[in-house]
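Let's take a friendly walk through a protein model together. Have a look at the fold first, and then we will go from the whole chain to its details.

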Amino acid sequence: MVGLPKSALDHLGASPIGTRKSPTNSFDGVPDVVDLSAADACFRIVRACEEYGFFKVVKHGVPPEVSARLEEEAFGFFGLPQDVKEEGGPPDPFGYGTRMIGLNGDVGWVEFLLLPTDRGNASEKANSFFHGCLGESFRRAMEEYTARVKELTVEVLELIAEGLGIKERDVLSSMAMDERNDGCFRMNHYPPLKSKAPHEHSESDTMLGSTMNTGDGRRNLVGFGEHTDPQIISVLRSNDTAGLEIRLRDGRWVSVPSDQSSFFVCVGDTLQVLTNGRLRSVKHRVLVHDVNERARLSMIYFGSPARDKKISPLPWLLKSEEEQGGKSMYKEFTWGEYKDSAYKTNLSHDRLSLFEIS
Ligand code: GA4
């Protein structure tokens, strides 16, 4: 992992998100900070999505107490005895999970809750866990939070459409807010390495095979392995514990300084297809640093179309590209098909390659 080249920052004309130094990796911060209330927000967002597939949002309008309340509830949940939490697992994919991510053997130093946000598209088991074990005040806090974050998602998606020059401002937001949308919500809890959770670990654990060598004798574990999100966009908020890293287009990894008062947006694979590759999904991962004293807690809303929604490049964009000899780079698929195929892959797989037109 290396520093973000100064030239990239100059080119963006952006101020770095923040500064963080570590013995092995020194860099000046990551890509773009977008003030949602600024007049040029739509262009800054599109530029950040093109360059990085990732940006930080400030002046987002989500009251800090709404995030703080859910964070407190989440810490309460993850602090429960293991057998109580496991009543909500194993995830199907909704519910409580620990260490195992997906269905194909990926593991990480993480425990999580994955929950649907709309239309009760979860199994009966996951629903009864949500309505039973999680408790009324958790549910209220989550509903309040997800309602606010959905508003933010709509705003960001509308700004993206505007920045792309599309007249139909709600072309993307209406997909994510369709009453049958398949959006979901995830809370990832990364305990400090000193603690025994999320599993009584031993040196022979496969998870410890996922050690990242920082080259200075320190050990970072993979909390959540590198991947792109399959959905349209993901809107993430974490507490003040570091760990998130994104991969720049040239393959280098940079860490994202945590900032609990802001949101981070990741472009997902579906938005990449909808824009015929103009906006590209971002590879990201979470490392758990051995120096962390406190757990990292992230809360991510994944904006997603309905399962039967056909996904292909937006006609307006495609038409203007066709005028210049361009063509669709992807075979058409439904979101349901893409999601099902994603669950057959490993986390780090390049899932879109299956749908590319060669
Ligand atoms: C990554 C984004 C979301 O967290 C998620 C993840 C899902 C899971 O953990 O159940 C997946 C992963 C995510 C991508 C590939 C498949 C599916 C684990 C996995 C190996 C909920 C999602 O939609 O895709």
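Among contacts between residues at least 6 apart in sequence, 72% join residues at least 24 apart in the protein chain. Keep in mind that this is a predicted model. The chain contains 10 helices and 17 strands, and buried residues account for 42% of its 358 residues.

Where do those buried residues gather? In soluble globular proteins, nonpolar side chains tend to be buried together. Here, the largest nonpolar core has 81 residues, and those with the most contacts inside it are Ile45, Phe54, Ile160, Ile233, Val235 and Val265. Helix α6, spanning residues 136-163, gives the most to this core, with 10 residues.

Helix α2 covers residues 41-51. Its buried residues are Cys42, Arg44, Ile45, Val46, Arg47, Ala48 and Cys49. One of these, Ile45, is also among the residues with the most contacts inside the largest core. After α2 comes glycine 53, which has a positive phi near 70°.

Now for the ligand. Which residues are closest to it? They are Pro93, Gly102, Asp229, Ala342 and Leu347, out of 17 residues that surround the ligand. The elements giving two or more residues to this shell are β6 (106-116) and β7 (184-190). The table shows how the shell divides by residue type.

| Residue type in the ligand shell | Number |
|---|---|
| Nonpolar | 9 residues |
| Polar | 5 residues |

Notes:
Residues are numbered from 1 along each chain as its sequence is written. This is a predicted model: local features need pLDDT of at least 70, side-chain atom pairs count only at pLDDT 80 or more; totals for chains, interfaces and linings use all residues. A residue is buried if 20 or more other C-beta atoms lie within 10 Å of its own, exposed if 12 or fewer, and partly exposed in between; C-beta atoms are placed from the backbone. Helices (H or I, at least four residues) and strands (E, at least two) are DSSP runs, numbered from the N terminus. A nonpolar core is a set of buried Ala, Val, Leu, Ile, Met, Phe, Trp, Tyr and Cys residues joined through C-beta atoms within 7 Å. A residue is near a molecule or strand if its C-beta atom, placed from the backbone, lies within 6 Å of it. Ala, Val, Leu, Ile, Met, Phe, Trp, Tyr, Cys and Pro count as nonpolar, Asp, Glu, Lys and Arg as charged, and the others, Gly among them, as polar. Two residues are in contact if their C-beta atoms, placed from the backbone, lie within 7 Å.
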